[in-house]
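Hi everyone, thanks for coming. Today I'd like to walk you through a structure, one side chain at a time.

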Amino acid sequence: MKQLLFLTLFLPLLAVRCPDGTPTPLSTLNLTFKALYNAKPLVINQIVDYNGKKIRITKLSFFMSPVRFGTDSGNPNNVSEFAAQSAFIDFGDTDDSTKALKGVTQTFNVFNNNNLQTFSTGIGVDTLFLNNRKPQNFFSPDPLSDAGNYWDDWKSYIFTKFEGLMDKDGDGRFETGITIHTGGNKAFQPMFFVKKIDFSTDNTATLNFNLNVNELLKDIDLMTVNSTHQTGSLPTILKFTSNFQTALVLK
Amino acid sequence: MNITYVFAILIVFFVACKDKSEGNADDLSSIAYAPTSYPLSIPTSFPKMDIPADNPLTTEGVSLGRFLFYDKKLSANGSMSCASCHLPQAGFTDARAVSTGIDNIAGTRSSMSLENIGFVVKSGLFWDGRTKTLEEQALLPVEDPIELHNNWTQVVDFLKNHPEYPERFRRAFGIDNKQLITKELAAKALAQFERTLISGNAKIDKILRREEEFSDEEFAGWQLFFNANNAPDAQCGHCHTSPFFGSTEFFNNGLDSVSSLNLFKDKGRGGVTGKQWDNGKFRTPTLRNIELTAPYMHDGRFKTLEEVIEHYASGGHYADNIDPFIPQIKQIGLTTRQKKQILAFLKTLTDTSFTKNPKFQDPFK
């Protein structure tokens with residue numbers, strides 16, 4: 001009789017408290033990325049000036065991993081919220097001025113939003129836990145499951161993609177391909193941002209980033225280096241990802 | 001008198017019951033419904049397959065799908081089936097430049113291979129990605145005027161009145177009445193069969209499993225294809241990614257020279273998205289069994305693989321949205337020998353154990 005009473009009282013409590021065994025996220029944290037070129041929102045496929053030549057940027061994407069938030073502004077490894085193992089930022093759809101102005105947003109669940117003031121991540125795919133795996137280890141639609149984001153010869157995910165076409169000879173035809181891809185553990189670029197994250201009354205916060213594409217291309221001459229899948233491409237690869245340190249700015 | 005009355009009522013009741021339980025020719029409930037999970041054999045180098053929760057693979061469902069796939073009665077005049085354009089021996093293409101339907105009207109595009117199709121649905125099926133799932137895709141050819149040119153009402157009527165299909169639907173999906181056969185269930189069965197079409201036993205797979213070795217020529221071709229070991233980058237592997245040697249993306253691979261993006265004869269992906277930058281872009285097909293699927297490209301314009309390689313080596317034809325990798329191929333200046341090496345590598349993707357697999361052949365024969 002006691003057991004029956006116990007079950008009658010306790011089971012409904014369990015059902016209410018733990019419907020799926022996981023705690024409910026408290027808050028939503030948006031990360032919004034806006035790509036800029038010559039200080040204007042970058043519209044994919046639109047013609048822009050590059051050192052007096054015309055180029056058309058057709059693809060810009062990068063992996064970030066892991067996605068972590070913390071409370072200690074002096075220590076990127078003091079993490080209180082591990083939001084995701086990776087995130088894929090792809091500007092492919094920002095192909096008109098409205099979308100380019102709006103940018104690309106990734107949304108994360110946050111369980112504890114008290115005093116969050118740091119965002120730590122890496123440009124690329126985490127070299128300890130993820131970049132030693134392959135697309136077949138992940139489920140679709142995770143971008144890590146996409147073989148197009150992996151380069152066997154590097155034994156690495158492609159951390160960043162910057163592609164486009166250049167009118168090198170000024171004849172109005174964009175006949176020169178630009179394919180600056182990066183990858184390999186050496187290219188992984190740890191990033192650390194500090195800013196008090198203020199959540200609104202509906203428990204939502206947004207961090208806004210600008211990605212300055214001119215800065216990404218700093219000290220890379222696309223006139224002479226237009227591909228990074230060649231022998232001797234490593235310096236360009238390392239330069240491109242290290243440029244994220246100054247190109248990616250938290251507003 | 002009272003007893004007679006009761007007796008009469010009982011007779012009526014008995015007859016009514018009998019009519020309901022035994023006289024309903026549509027009733028399938030007496031047939032066992034005990035589906036068994038289909039043992040899908042996925043090579044270890046392949047990713048996991050996304051299978052919809054509402055259409056798990058069962059032996060019965062796959063079997064039904066196979067019958068439907070090969071059944072010419074699905075076409076309006078009984079002359080064509082799905083398999084008419086997806087022949088196993090041609091790598092599940094029809095080996096024609098463009099496919100022709102039951103009315104002898106030529107389509108505008110070449111039949112796409114179905115091998116490993118269960119893995120590559122992410123960005124959409126067909127050359128232009130216009131459907132998102134195999135279940136959705138399977139509904140279209142039956143009613144397409146340049147394919148089977150039938151209508152699903154007629155097809156479903158045929159299936160309901162067939163001596164064997166109702167039982168197969170019952171065993172696959174548990175319906176207890178043949179009137180419950182629908183086009184959606186037929187599409188689910190077709191999708192199940194298509195998901196079993198896995199090709200992963202070509203020479204390249206055996207090499208990766210260390211069961212065989214490349215010839216020198218094949219190895220050189222592989223290095224060029226994937227820019228491996230600091231070989232010149234023939235750029236092939238950027239779009240034809242391993243393990244399917246295709247991709248889920250859409251590219252303009254430089255087939256047509258147009259002065260304006262609106263001048264593409266076939267808008268391809270742009271016809272679906274409405275975006276001019278997508279005009280002339282097509283889904284990257286798998287290169288597995290490419291040796292068997294000539295002619296090539298979405299419109300079958302190239303008769304041989306040599307022509308295909310020559311096209312890419314030339315850097316393709318200019319359009320404003322040509323993929324940046326295409327003009328870079330010309331940059332490396334592939335030699336005749338290197339082109340032969342790439343061709344030799346492509347032939348390591350042929351998997352006749354797949355094309356000849358009895359499980360994938362016509363069940364009516």
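Let's begin with a charge and a ring: the charged end of R168(B) sits over the ring of F67(B), 3.7 Å from the ring centre. Please keep in mind throughout that this is a predicted model. There is another arrangement like this in chain B, where R269(B) lies over the face of F250(B), at 4.4 Å from the ring centre.

Now, back to R168(B). Just after α7(B) comes G174(B), which takes a positive phi of about 75°.

Next, salt bridges. Over all chains, the structure holds 24 of them. One joins R109(B) to D128(B), with the closest N and O atoms 2.9 Å apart. Both residues lie in the loop between α3 (82-85) and α4 (134-138) of chain B, so the pair ties together parts that are 19 residues apart in sequence. Are these two buried or exposed? R109(B) is buried, and D128(B) is buried as well.

Another salt bridge links E218(B) with K203(B), and here the closest N and O atoms are 2.9 Å apart. E218(B) belongs to helix α10 and K203(B) to helix α9 of chain B, so this pair connects parts 15 residues apart in sequence. E218(B) is buried, at 12% relative accessible area, while K203(B) is partly exposed, at 23%. There is also a network of salt bridges with residues from chains A and B: D93(A), D95(A), K99(A) and K275(B).

Finally, the aromatic rings. The count comes to 36 aromatic pairs over all chains. Take F162(A) and F240(A), a tilted pair: 6.1 Å centre to centre, with 45° between the planes. F162(A) sits in strand β11 and F240(A) in helix α4 of chain A, 78 residues apart. Both F162(A) and F240(A) are buried. Over in chain B, the rings of F119(B) and F244(B) have centres 4.9 Å apart and planes at 25°, so that pair is stacked. To finish, F162(A) and F240(A) also belong to one aromatic cluster, whose members include F33(A), F62(A) and F69(A).

Note on methods. Residues are numbered from 1 along each chain as its sequence is written. Chains are lettered from A and ligands numbered from 1 in the order in which they are written. This is a predicted model: local features need pLDDT of at least 70, side-chain atom pairs count only at pLDDT 80 or more; totals for chains, interfaces and linings use all residues. Side-chain values use heavy atoms; hydrogens and water are left out. A salt bridge is a side-chain nitrogen of Lys or Arg within 4 Å of a carboxyl oxygen of Asp or Glu. Helices (H or I, at least four residues) and strands (E, at least two) are DSSP runs, numbered from the N terminus. Buried means under 20% relative accessible area, exposed over 50%, partly exposed in between (1.4 Å probe, protein chains only). Rings of Phe, Tyr and Trp (its six-membered ring) pair if their centres lie within 6.5 Å; planes under 30 degrees apart count as stacked, over 60 as edge-to-face and the rest as tilted. A charge sits over a ring if NZ of Lys or CZ of Arg is within 6 Å of the ring centre and within 35 degrees of the ring normal.
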